[in-house]
Amino acid sequence: MTSQVFKENVAIITGASTGIGRELALQLADQGAWLTLAARDAERLESVAAECRKRGSRALVVPTDVSEQVQCENLINRTVTEYGRIDTLVNNAGITMWARFEDLQDLKPLEQIMRVNYFGSVYCTHYALPYLKRTKGRIVGVSSLAGKTGVPTRSGYSASKHAMAGFFDALRIEVAEQGISVTMIYPGFVTSEIRGRAYGPDGKPLGKSPVRESEVMSVETCARIIVRAMAKRKREEVMTLRGKLGMWVKLIAPGLVDRVARNAIEVGR
């Protein structure tokens with residue numbers, strides 16, 4: 001089904017140089033999508049683009065820091081110049097943190113997390129929206145289970161993902177009559193480099209992941225679930241059984257969900 005949905009579908013993916021974004025690009029390339037790949041690391045983006053082209057896709061590389069509004073505008077303009085339209089926007093770029101709020105030595109990382117995770121999605125969506133209206137396209141926001149419930153050591157990250165959820169839930173209602181779908185994605189822990197780059201208490205990258213990477217969902221599985229949700233224009237996709245049960249349990253026993261969240265951070269999976 002999805003292979004036909006995304007054939008020659010013009011899709012922008014932010015955060016496409018590594019992790020979920022990279023894997024999304026490869027899986028969409030297998031289905032014949034025409035891609036625009038955005039991230040800050042131009043060299044890595046070129047490597048991903050080369051692999052996408054080997055799989056039969058067209059791939060445009062646009063180095064982009066989504067925290068900068070003018071760069072997001074350029075990303076959209078370059079895509080339209082290259083392909084003439086936009087069918088899908090995947091807001092995937094993100095950064096995280098791994099520190100208790102009281103241990104933070106500087107609050108600037110919280111501002112940067114919000115600029116990338118929340119405002120980066122807002123900027124890209126703002127400039128892409130006129131083109132998505134013409135194609136009755138898709139908007140996808142890659143959030144986190146931390147965007148559904150607060151998680152210790154991730155306060156700034158949770159805040160940015162909650163902000164994403166609120167923005168896109170409101171936007172979904174606004175654009176529904178124009179034929180645009182908005183799909184929110186809520187993964188749990190996924191094998192990724194993002195945690196090694198997470199801000200620590202001193203505001204510097206941790207350098208290594210505090211999660212048991214071998215025991216969490218693979219990036220391939222995560223991307224496959226996202227592509228399926230995009231194809232079906234689902235309202236949202238909450239990944240993992242723990243995440244789905246947690247949404248229900250939170251209604252009647254929120255304290256239990258808090259304990260589960262604390263335990264997940266402590267054991268790293």
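In the predicted model, helix 2 (residues 19–30) passes helix 7 (residues 219–231) in a right-handed crossing, a crossing being right-handed if the near helix is turned clockwise from the far one by less than a right angle, and left-handed if anticlockwise. Helices are DSSP runs (H or I, at least four residues), numbered from the N terminus. The axes of helix 2 and helix 7 come within 9 Å and cross at roughly 60°, where axes are lines fitted to C-alpha atoms over the stretch in contact and angles run from 0 to 180 degrees between N-to-C directions. Helix 2 and helix 7 are therefore oblique to each other; angles under 35 degrees count as roughly parallel, over 145 as roughly antiparallel, 65 to 115 as roughly perpendicular and the rest as oblique. In this contact (heavy atoms within 4.5 Å), G19, I20, E23, L24, Q27 and L28 of helix 2 meet V219, E220, C222, A223, R224, I226, V227 and M230 of helix 7. By class, nine of these residues are nonpolar, two polar and three charged, with Ala, Val, Leu, Ile, Met, Phe, Trp, Tyr, Cys and Pro taken as nonpolar, Asp, Glu, Lys and Arg as charged, and the others, Gly among them, as polar.

The model is predicted, and local features need pLDDT of at least 70, side-chain atom pairs count only at pLDDT 80 or more, and totals for chains, interfaces and linings use all residues. Residues are numbered from 1 along each chain as its sequence is written, and side-chain values use heavy atoms, with hydrogens and water left out.

Helix 2 also packs with helix 3 (residues 42–54), their axes coming within 8 Å and crossing at roughly 20°, which makes helix 2 roughly parallel to helix 3. This crossing is right-handed, and R22, A25, L26 and A29 of helix 2 meet V48, E51 and C52 of helix 3. The residues of the contact comprise five nonpolar, no polar and two charged.

Helix 5 (residues 108–135) packs against helix 6 (residues 155–175) at an angle of about 20°, with the axes 7 Å apart, so that helix 5 is roughly parallel to helix 6. The crossing is right-handed, and the contact includes I113, N117 and S121 of helix 5 together with Y157, K161 and F168 of helix 6. Its residues divide into 14 nonpolar, five polar and one charged.

A search of the whole structure finds one cavity of 30 Å³ or more, a cavity being a set of points on a 1 Å grid over the protein atoms alone where a 1.4 Å probe fits but cannot get out, with lining residues having an atom within 4 Å of a point. The largest cavity has a volume of about 30 Å³, the space filled by probe spheres set on points joined across faces, edges and corners. Its lining consists of T14, V66, N91, N92, A93, V116, G120, S121 and C124, and the largest share, four residues, comes from helix 5. This lining has four nonpolar, five polar and no charged residues.

Note on methods
On a 1 Å grid over the protein atoms alone, a cavity is a set of points where a 1.4 Å probe fits but cannot get out, and a pocket is an open set with protein on both sides within 12 Å along at least five of seven lines; lining residues have an atom within 4 Å of a point. Helices (H or I, at least four residues) and strands (E, at least two) are DSSP runs, numbered from the N terminus.
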